[in-house]
Amino acid sequence: MEPLSKQNCIPCTGDAAKVTEEEMNELLKEIPQWQVKEVSQELHLERAYKFPDFQQALTFTQQVGESAEEAGHHPAILTEWGKVTVTWWTHAINGLHRNDFIMASRTDNIADQLNKN
């Protein structure tokens, strides 16, 4: 199967199915540094990234935002000095959809690219 980061998000409505626990465990193998957190009875994917300064954290935030806008799927992003926390979940279904895992993988790729430069 194609890597998550190469897959496309699909439009999601309120009747879309949340990932099952089995699907979630499989998908997490591709994004092992992400954590599943329960927030207000919803499952979210969350990861904190470290950067050497605020400027690089801000650059990362901007690139994640651009990727999210392109996909039509938007995270919560907390940008701090040297740290960015990204949280993905699907608002329409109040939980996790495959799209969240795709975008988490793309977020990792953005961080990897920034760290190479």
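Two strands pair if DSSP finds at least two bridges between them. Helices (H or I, at least four residues) and strands (E, at least two) are DSSP runs, numbered from the N terminus. The model is predicted: local features need pLDDT of at least 70, side-chain atom pairs count only at pLDDT 80 or more, and totals for chains, interfaces and linings use all residues. Numbering starts from 1 along each chain as its sequence is written, and side-chain values use heavy atoms, without hydrogens and water.

**View 1. The β3–β4 hairpin.** β3 (residues 76–80) and β4 (residues 83–88) are antiparallel, with 5 bridges. A76 has T87 of β4 as its bridge partner. The hairpin has 2 residues between the strands, and G82 adopts a positive phi near 75 degrees.

**View 2. Surroundings of F60.** Beyond neighbours within four places in sequence, F60 contacts (heavy atoms within 4.5 Å) Y49, F51, V84, V86, T107, I110, A111 and L114.

**View 3. Lining of the largest pocket.** S5, K6, S67, E70, A71, R106, N109 and I110 line the pocket; lining residues have an atom within 4 Å of a point on a 1 Å grid, in an open set with protein on both sides within 12 Å along at least five of seven lines, where a 1.4 Å probe fits. α2 (54–71) and α3 (98–116) each give two or more of these residues.
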